Amino acid sequence: MTIADDLRLALIQADPRLSKFNPLPRILFYDDFDEGVHGWAELIGNHDGNLDNVRPIMADLRPPQLSSCTFFDIGTHGSVHGTYALKLATRAKANHMAQLIKRLTFVRQGLVQFETYFTYKAEQVFSRAKGDTAVWDGNFDPSETDFGDFTISNDVCEGHEGTRYHCALRYLNTDEHGKLVQKWLYKTSVQTSTKMHRAGVAPPAADYHVQHPDDWREVPGGYQPMCFNEVPTKVNWHYLRWTFDTRTRRNTELQVNDLVMDLRDIPVPVYEVTYKGLSHLLNFCIDVRTHRNVRNFLYLDSVLVSVDW
Amino acid sequence: MQQSLTAVVERNVTFDAAFATEPYEAGWAAEARWFVRVLEAAGEGAELLLHPQISPDGLFWCDEGSAPLVAHGPGLYSCALRDFGAWLRLRGEVHGESASFKVVIALALKG
């Protein structure tokens, strides 16, 4: 450690906005959602100006919301710092997904680290679906089983017609039957692109991230019950740190609270075809998907992305 | 400088019966404006009524009280809101024999 390193660390630790993060040497962006959406935009599939030509799975990924985390029972919860959080909301329709994207390009290849404080919730419902036998016992609330999954991912392309890939890590809260799984997953196939779809080399995607819905594997050591906190109107924020390396085309680490998962040996699928116009692409994506006819929400208090360039 | 944000809440969707748009949180904004672009209208005597609605929590809703937007054919329609609280949506009614409307609905917020 040099004196400059010590000084930098002291400055970060003395700043209440930054001291809850662990940034790499260069902070690429810091997003406090009390100030706006900071470039987190709804993802839409490619089209030619005719929005009827957007693939169905990418046609309705929902706009960002600046949420005060307000609920029917207590009013406003607020975020970690200030009032607002970035909110993703699905429709109340099984398998519907909401996704936001932030688009950059990279200056150099290297380590990229995404950090956030997040929470997830299912919308309050006042009567359980027919056949749902889950019972509120004063501690466990069935609404926890109304939350499906959320995923963090990227989109990287190394140059004009260069190698392209997506890293994607999913927290699967429940399976399709509403049974709690609470595990981190990684994907094993590339995401169906509009180009692949139009060329007829891939069927219409049932899961946005993969060719087939079963193309996911468990991250070793990735079982992690989180703090849903009993009811759908209590918000507890969780720390997440995800690092990937664009030199090795791999995830490096995922940390969520005290669980640190080494991802260096996990393969990341790479496209066989190349793409024009994506030179040095570096996109960050977050999404949430409901498995039931209940709205699911993902909230981010703030995001910090840093690099070792 | 003020913040502003435009959300496209429905995109090339066809409605042929009563509906409501998804709940949208807008507590940070001082003013809101709905834009409804009717792309296609079909049916004898087709009429689309859109009532701005407000909610304290995104679960329980009432009409905001403004006159509804009325559309009978393609075009861009708009209405502005203030003092709306925290959540917004539009409640739609479709009238007419075999009537339907294909629309894009955007919500522009500022504050």
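**A strand residue and its surroundings**

A: A:Leu180 is placed in strand β12 of chain A, which comprises residues 180–187; helices (H or I, at least four residues) and strands (E, at least two) are DSSP runs, numbered from the N terminus. The model is predicted, so local features are taken at pLDDT of at least 70 and side-chain atom pairs at pLDDT 80 or more, whereas totals for chains, interfaces and linings use all residues. Residues are numbered from 1 along each chain as its sequence is written, and chains are lettered from A and ligands numbered from 1 in the order in which they are written.

A:Leu180 has 16 C-beta neighbours inside 10 Å and therefore counts as partly exposed; a residue is buried with 20 or more other C-beta atoms within 10 Å of its own, exposed with 12 or fewer, and partly exposed in between, the C-beta atoms being placed from the backbone. Setting aside residues up to four places away in sequence, A:Leu180 touches A:Thr145, A:Asn173 and A:Thr174; contact requires C-beta atoms, placed from the backbone, within 7 Å. From A:Leu180 to A:Leu88 the C-alpha distance is 21 Å, and the two residues are 92 apart in sequence.

In soluble globular proteins, nonpolar side chains tend to be buried together.

Chain A contains two helices and 18 strands. Its radius of gyration is 19 Å, close to the 19 Å that the globule rule gives for 309 residues, so chain A is as compact as a globular protein of that length; the radius is taken over C-alpha atoms, and the rule is 2.2 Å times the number of residues to the power 0.38. Along the principal axes, the C-alpha atoms of chain A fill a box of roughly 55 × 50 × 40 Å. Of its 309 residues, 39% are counted as buried. Among the contacts in chain A with a separation of 6 or more, 68% involve residues 24 or more positions apart.

Helix α1 of chain A (residues 3–14) has twelve residues and reaches 16 Å from its first C-alpha to its last, close to the 16 Å expected at 1.5 Å a residue; the expected span is 1.5 Å times one less than the number of residues. The number of buried residues in α1(A) is zero of twelve, so the helix lies largely in the open.

A:His38, in the loop between β1 (26–32) and β2 (41–42), has a phi near 55°, a positive value in a residue other than glycine. A:Asn95, in the loop between β6 and β7 (97–105), has a positive phi of about 75° although it is not a glycine. Most residues other than glycine have a negative phi.

Chain A also meets chain B: 19 residues of chain A are in contact with 15 residues of chain B. On the chain A side, β3 (65–67), β4 (70–71) and β6 (85–89) each supply at least two residues, and β3(A) gives the most, with three. By class, this side has nine nonpolar, six polar and four charged residues; Ala, Val, Leu, Ile, Met, Phe, Trp, Tyr, Cys and Pro count as nonpolar, Asp, Glu, Lys and Arg as charged, and the others, Gly among them, as polar.

Chain B comprises zero helices and eight strands. Its 111 residues would, as a compact globule, have a radius of gyration near 13 Å, and the 14 Å of chain B agrees. Within chain B, B:Val36 lies in strand β4 (residues 31–55) and counts as buried, with 22 C-beta neighbours inside 10 Å. B:Val36 is in contact with B:Leu50, B:Leu69, B:Ala71, B:Tyr77, B:Val103 and B:Ile105, neighbours within four places in sequence being left aside.

As to confidence, the model scores ipTM 0.97 and pTM 0.97. Chain B averages a pLDDT of 97, with 100% of the residues at 70 or above; pLDDT is the predictor's confidence in each residue, from 0 to 100.

Definitions and conventions: Contact = placed C-beta atoms within 7 Å.
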